[in-house]
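Please view the sequence and the structure together while reading.

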Amino acid sequence: MATVADRQASTGVKRARKSKGKAGSLAERRPGFVVYGILIAFILGSAFPFYWSFLVASHDDAKFTAEMPLLPGGNFFHNAGRVLDSIPFWKALGNSVIVSGTVTVSVVILSTLAGFAFAKLRFKGRGPLMVFVVATLAVPTQLGIIPLYMAMAEFGWSGTLGAVIIPNLVTAFGVFWMRQYIADAVPDELIEAARMDGCSMIRTFWHVCLPAVRPAAAMLGIFTFMMSWNDFLWPLIVLNADNPTMQVALEKLQSGYYVDNSLVLAGTTMATVPILIVFLVLGRQIVAGIMQGAVKG
C-alpha cells in the first residue's frame with residue numbers, strides 16, 4: 001500500500017511540475033512582431049482622424065485645392081482666431097461643459113444606485129421593472145422628441161440648459177450596465193456582513209458597493225460624457241441660437257454656401273480637447289475596468 005501511495009504521490013508531483021513549467025513558459029513568452037504590428041496599426045488608425053483634422057486646420061482651405069500636404073502648416077492659430085470670431089465659442093464651450101458634466105455625474109450616481117437596488121435588493125416587481133427598463137433601449141430617441149419638446153415648453157424650460165440636462169439625468173443603459181456589473185463584482189456575503197455590523201443600506205452602498213464598482217462607473221462616466229458632448233439633435237431643437245452647445249455652434253461654421261474646411265476642422269479640433277482631458281483623467285480607471293473584466297472572463 002505504501003508503494004502505491006508513493007507512486008501516486010510522485011506522479012502528482014511530476015504533473016504539478018509539468019503544469020508549473022507550462023505556466024512559466026507561457027508567462028515568459030512575449031508578443032511577437034505580428035502582435036506589435038497589429039497594435040501599431042490600430043493605434044495609427046485611431047490617431048489618424050485627429051492628425052488629419054489638425055493637418056487641415058493648420059493650412060488654408062486653398063492649400064488643399066492645389067495639393068495635398070502631409071505635414072502641418074502654421075495657420076492653426078489664425079484659423080482658431082477665425083473660429084472665435086465666427087461663433088460664440090467660449091459660451092458654447094461653457095454650456096457643453098455644464099451640460100456634459102452635470103449629466104455625467106447624475107447618470108453615474110443614479111445608475112449606480114438603481115443598479116445596486118436591482119442587483120442586490122429583493123422587492124416586489126423587480127424582474128418586470130428591470131425588463132421594462134431594458135425594453136426602453138429599443139425605443140428610438142426620435143419618437144419622444146415632439147412630446148418632450150411640448151413638455152419642456154409647458155414647464156417654461158425651452159431655450160435653457162435645463163431642457164437639455166433634465167431629460168438625460170439617468171439612462172436605461174447606465175442602469176443596465178451597473179446592474180450587471182454589481183451583480184458579479186459585489187458578493188452577497190459582503191453586504192450581509194456590513195448589515196450585520198450595523199451599517200444602514202445607504203452606508204453599505206457607499207462603503208462596500210461603490211469602491212468595488214469604480215472601474216465600471218468610470219467607463220460609464222466617459223461614455224456618458226462623450227454621448228452628451230456629441231449630442232446635436234436635441235440641443236439644436238430646444239436651445240436658442242444665442243445659447244448653443246458646442247456641436248450646435250460648430251454647425252454654424254458650415255451653414256453657408258461655401259464651406260471652409262480649415263475653419264470647420266479648426267473648431268472641431270478645439271472642441272475635441274475637453275474629451276481628451278476626460279480620457280486622461282479617467283484613463284487609469286478605464287484600464288482597470290478592462291483588465292478586471294478580462295481576468296474574470
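Which exposed residues does the face of α11 turned away from its buried side carry? They are Ile202 and Trp206, where exposed means over 50% relative accessible area, buried under 20% and partly exposed in between (1.4 Å probe, protein chains only).

## Basis

This is a predicted model, in which local features need pLDDT of at least 70 and side-chain atom pairs count only at pLDDT 80 or more, while totals for chains, interfaces and linings use all residues. Residues are numbered from 1 along each chain as its sequence is written, and side-chain values use heavy atoms, with hydrogens and water left out.

## Overall fold

The protein has 15 helices and zero strands; these are DSSP runs numbered from the N terminus (helices H or I, at least four residues; strands E, at least two). Of its 297 residues, 33% count as buried. Among contacts (heavy atoms within 4.5 Å) with a separation of 6 or more, 73% join residues 24 or more positions apart.

## Helix α11

Helix α11 has 12 residues (201–212) and should span 16 Å at 1.5 Å a residue, which agrees with the 16 Å between its end C-alpha atoms. The expected span is 1.5 Å times one less than the number of residues.

Thr204, Phe205, Val208 and Cys209 are the buried residues of α11. Seen down the axis of α11, they fall within an arc of 120°, so they line one face of the helix; the arc is that of the directions from the helix axis to the C-beta atoms. Their cover includes α5 (89–120), α9 (172–185) and α10 (188–196).

## Largest pocket

A pocket here is an open set of points on a 1 Å grid over the protein atoms alone, with protein on both sides within 12 Å along at least five of seven lines; lining residues have an atom within 4 Å of a point. The largest pocket holds about 980 Å³ of space, a volume being the space filled by probe spheres set on the points.

Its lining has 26 residues, and Thr141, Pro167, Asn168, Val170 and Thr171 lie nearest the centre. Two or more lining residues come from each of α5, α7 (145–155), α9, α12 (214–229) and α13 (233–238). The largest share, five residues, is from α12.

## Second largest pocket

The second largest pocket has a volume of about 310 Å³. Of the 16 residues that line this pocket, Val108, Ile109, Thr112, Leu210 and Ala217 lie nearest its centre. α5, α11 and α12 each give two or more residues to the lining, and α5 gives the most, with six.

How values were computed: On a 1 Å grid over the protein atoms alone, a cavity is a set of points where a 1.4 Å probe fits but cannot get out, and a pocket is an open set with protein on both sides within 12 Å along at least five of seven lines; lining residues have an atom within 4 Å of a point.
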